[in-house]
Amino acid sequence: MLSGFGRVRRSTNAADAIRSASTNIGVPAVNWTTLGVLGTLATNLANSAVQRATLTALADLASRDPAELRAFLDEHPALASQFSKYPPAPESVSEWWASVNDPAAQQALVSAAPVILGSLGGLPPLVRVAGASSRVENQSALRDILLAVKAG
């Protein structure tokens, strides 16, 4: 059975211990370095795909009119948690926000998706603060914040 594990030599390196135990129980030789590189590559590819998906979702949200955006987010409340769980890179978020060059669209996003915007790095600080508060009741104050961000 697994009695081979009892013959594992003392090692300060966990990888050596795994190799030794594997050899002792008859597991064919494996290039552990290659497996580690492949695992890292797969993880990086998966993370990249998730970040692209979140950026695509942000672009989709920005393309909706305010009423449609609110209705969509009301129908999909779990969406907000996905942005905080799998946030896109701040540099990508910054580029995305700059591409939303319509102040009305920015205002709609801050009003309808405050939890999402509050969780994203790469946004101007005032937008994140407005987003994180999630209780923006004064629309003229919100407009002033967005105009100040756009100007400065």
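## Arg 64, a buried residue

Arg 64 has a relative accessibility of 18%. That counts as buried, because the cut-off is under 20% relative accessible area. The model is predicted, and every value here is computed from it.

## Two salt bridges

Side chains of opposite charge can pair when their charged atoms come close. The structure holds two salt bridges. Which residues meet Arg 64 in them? One partner is Asp 60, whose side chain meets that of Arg 64 at 2.9 Å, N to O. The other partner is Glu 68. Here the closest N and O atoms are 3.3 Å apart.

How exposed are these two partners? Asp 60 has a relative accessible area of 32%, so Asp 60 is partly exposed. Glu 68 has a value of 37% and is partly exposed too. Arg 64, by contrast, is buried at 18%.

The salt bridges share partners, and this joins Asp 60, Arg 64 and Glu 68 into one network. Arg 64 takes part in the bridge with Asp 60 and in the bridge with Glu 68.

## Rings

Arg 64 has a further contact, with an aromatic ring. Arg 64 lies over the face of Phe 72. The distance from the ring centre is 3.9 Å.

How many aromatic pairs does the structure hold? There is one.

Terms used:
Residues are numbered from 1 along each chain as its sequence is written. This is a predicted model: local features need pLDDT of at least 70, side-chain atom pairs count only at pLDDT 80 or more; totals for chains, interfaces and linings use all residues. Side-chain values use heavy atoms; hydrogens and water are left out. A salt bridge is a side-chain nitrogen of Lys or Arg within 4 Å of a carboxyl oxygen of Asp or Glu. Buried means under 20% relative accessible area, exposed over 50%, partly exposed in between (1.4 Å probe, protein chains only). Rings of Phe, Tyr and Trp (its six-membered ring) pair if their centres lie within 6.5 Å; planes under 30 degrees apart count as stacked, over 60 as edge-to-face and the rest as tilted. A charge sits over a ring if NZ of Lys or CZ of Arg is within 6 Å of the ring centre and within 35 degrees of the ring normal.
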